Amino acid sequence: MKINVHIDSSISSSASDLIHRRCSFAFSRFESSIDEVFVTLTDENGPRGGESIRCVVRIQISKRPDIIIHEQCDTFERAVGIAIERAAHQVARKINRRGFANATLRRGFIPTGIEAVPA
């Protein structure tokens, strides 16, 4: 899994370390399925303040469409934390759905070891 980070020049340089730590922790269990993670952090308003820090997380999953999450907050720590948490949740949903839908949702599927009870 490769992590690419693009940070606006007005944001602290410590944001890069935070992003790498958060991504490594959040996506470590999906490392075999994720090709690349792109994180872009920009300051929309500059020095004026307000909810102006935008974090965009794009995840490339093998043989699946990309997952894109946008989050806007007042601090870069909060924006990164929420965006990566939401992205990890979406990755878990996409990856865990892959085999489940084909195996268990077929009409008439009966798991092995369980007998059908007549109605």
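This is a predicted model: local features need pLDDT of at least 70, side-chain atom pairs count only at pLDDT 80 or more; totals for chains, interfaces and linings use all residues.
1. Core membership. The largest nonpolar core has 31 residues. Those with the most contacts inside it are F27, V37, L41, V57, I59 and V91. Two or more residues each come from α1 (14-27), β2 (34-43), β3 (53-61), β4 (67-73) and α2 (76-104). The largest share, ten residues, is from α2.

2. Contacts of V91. Neighbours within four places in sequence are left aside here. V91 then touches F27, F30, I34, I59, I61 and I67. Among these partners, F27 and I59 are listed with V91 for the most contacts inside the core.

3. Length of α1. The helix has 14 residues, so at 1.5 Å a residue it should span 20 Å. Its end C-alpha atoms are 20 Å apart, in agreement with that figure.

4. Sides of α1. Buried here are A15, L18, I19, C23, A26 and F27. They cover an arc of only 125° around the axis, so they sit on the same side of α1. The face turned away from that buried side carries R21 and F25, both exposed.

5. Setting of I69. This residue lies in strand β4. Setting aside neighbours within four places in sequence, I69 contacts C55, V56, V57, A83, R86, A87 and Q90.

6. I69 and I84. The two are 15 residues apart in sequence. In space, their C-alpha atoms are 8.1 Å apart.

Conventions
Residues are numbered from 1 along each chain as its sequence is written. Side-chain values use heavy atoms; hydrogens and water are left out. A nonpolar core is a set of buried Ala, Val, Leu, Ile, Met, Phe, Trp, Tyr and Cys residues joined through side-chain atoms within 4.5 Å. Buried means under 20% relative accessible area, exposed over 50%, partly exposed in between (1.4 Å probe, protein chains only). Helices (H or I, at least four residues) and strands (E, at least two) are DSSP runs, numbered from the N terminus. Contact means heavy atoms within 4.5 Å. The expected span of a helix is 1.5 Å times one less than its number of residues. The arc is that of the directions from the helix axis to the C-beta atoms.
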